[in-house]
Amino acid sequence: MKLRFRFGKVESNHSYEDKQLDRIDAQLDEPQIRQRLTESYKGQKSGLGRKPLDPVIAYKAHLLYFLKRDIISFNELPRQVDKDDDYQAFCRCQGVEFTAGYLSHFRKHHLTGVVAAQLMRDIVSGLDIETSTTPLRIGIWDSVPMPSYSTPVKDTKHCDCKKPCECDKHFSDPDAQIGWQRPTLTKKDKFIGYRKHTVLLYSADKDERLPIATAVCPANEADIDVIEQTLSQAHQLIDVLLVDQAIYDFEQIADWLTNYGVLVLVKPKSNAVLDQYPLDATKTPCCPKMEQPLVWSHFDFEDYT
């Protein structure tokens, strides 16, 4: 079947400054991505209608959104891609333009949960994974607030003007909800919007961490519910999931271990100090006698140690 897509320019010799994007780009099988997504494009078989934009562009933009913590809005993603040479080369969108509406349509009609999970498995299965935790496969949970800068209540009245005017408009977002975030000098405790959640394959080197599961949920949705959603995507890819907030429901953790084969643990805070273990340059605990980084031996599923 001939693929009827509009393709962007591809620079095979592009030199990435971002090591993480360079590594992931080298491992992605773009023909396989197109093949998995093509079935959802009705016009591919009939040959009718306008040529859609290459789905690789949308899928890579989707990955980029979850890889970079500073990208907190799908609406801003096209603009941020347009300003960064690495992002453009990674998304294969040089010479073509895409909008936030295109990404929204892609996620709604083409990137189903089943397809997304399979594409994630394709990425990991193509890698010769050697991490600081080998042979134990460890995932690390990352959650980022995404303010929507809108109101969850629909309000069509923008101002008191009786005639058409140039006043700022206010848009509603009924799916956005009130959530909490850590307060800083520029952030408040509460915000209206969403959270994006990513499970990364853990490595001591941040540039070596790869995404294996993703989710976007309203800000008020409990982490304990979102974790189960991502476990359904990552259950064959990891043995342990480190989360950044304590979950004290032992029965729930035991159920996850039974259903998905993944043990959910609370990771130590980044400022935690282990007096008995010195740390190397990558903050990895070392053996006090040999001064070598500690590595995982195995996980005992009988006593959970």
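At what angle do the axes of helix 4 and helix 7 cross? The legends below begin with this pair. The model is predicted: local features need pLDDT of at least 70, side-chain atom pairs count only at pLDDT 80 or more, and totals for chains, interfaces and linings use all residues. Residues are numbered from 1 along each chain as its sequence is written, and side-chain values use heavy atoms, with hydrogens and water left out.

**View 1. Crossing of helix 4 and helix 7.** The axes of helix 4 and helix 7 cross at roughly 90° and come within 10 Å. Axes are lines fitted to C-alpha atoms, for helices over the stretch in contact, with angles from 0 to 180 degrees between N-to-C directions. The two helices are therefore roughly perpendicular to each other (65 to 115 degrees; under 35 degrees counts as roughly parallel, over 145 as roughly antiparallel and the rest as oblique). On the helix 4 side, P55, I57, A58, Y59, A61 and H62 take part, and they meet Y102, L103, F106 and R107 of helix 7. Contact here means heavy atoms within 4.5 Å. By class, the contact comprises eight nonpolar, one polar and one charged residues (Ala, Val, Leu, Ile, Met, Phe, Trp, Tyr, Cys and Pro count as nonpolar, Asp, Glu, Lys and Arg as charged, and the others, Gly among them, as polar).

**View 2. Helix 9 against helix 10.** The axes of helix 9 and helix 10 (residues 250-260) cross at roughly 10° and come within 11 Å. Helix 9 and helix 10 are therefore roughly parallel to each other. Helix 9 contributes I224, I227, E228, L231 and S232, which meet Q252, W256 and Y260 in helix 10. The classes in this contact are five nonpolar, two polar and one charged residues.

**View 3. The largest nonpolar core and another core apart from it.** The largest nonpolar core has 42 residues, and Y59, L64, L77 and F98 have the most contacts inside it. A nonpolar core is a set of buried Ala, Val, Leu, Ile, Met, Phe, Trp, Tyr and Cys residues joined through side-chain atoms within 4.5 Å; buried means under 20% relative accessible area, exposed over 50% and partly exposed in between (1.4 Å probe, protein chains only). Helices 1 (19-27), 2 (30-38), 4 (55-67), 5 (77-83), 6 (85-91), 7 (100-109) and 8 (113-125) each supply at least two residues of this core. Helix 4 gives the most, with 10 residues. Another core, of 26 residues, lies apart from it and includes L237, V240, I253 and W256.

**View 4. Surroundings of Y65.** Y65 is placed in helix 4 and counts as buried, at 1% relative accessibility. Leaving aside its neighbours within four places in sequence, Y65 is in contact with I71, I72, S73, F74, L77, M146, K196 and V216.

**View 5. Surroundings of A234.** A234 belongs to helix 9 (residues 223-234). This residue counts as buried, with a relative accessibility of 0%. Neighbours within four places in sequence aside, A234 is in contact with I212 and A213. A234 and A213 are 21 residues apart along the chain, and their C-alpha atoms are separated by 5.9 Å.

View 6. R92 is found in the loop between helix 6 and helix 7. Phi of R92 is near 60°, a positive value in a residue other than glycine. R92 counts as buried, at 12% relative accessibility. F5 lies in the segment before helix 1 and counts as buried at 5% relative accessibility. F5 and K51 are 46 residues apart in sequence and 5.2 Å apart in space, C-alpha to C-alpha.

**View 7. The whole chain for reference.** The secondary structure comes to 10 helices and six strands (DSSP runs numbered from the N terminus: H or I of at least four residues for helices, E of at least two for strands). Of the 305 residues, 44% count as buried. The accessible surface comes to about 18700 Å², of which 50% belongs to carbon and sulfur atoms (Shrake-Rupley method, 1.4 Å probe; for residues, only the protein chains shown count as cover).
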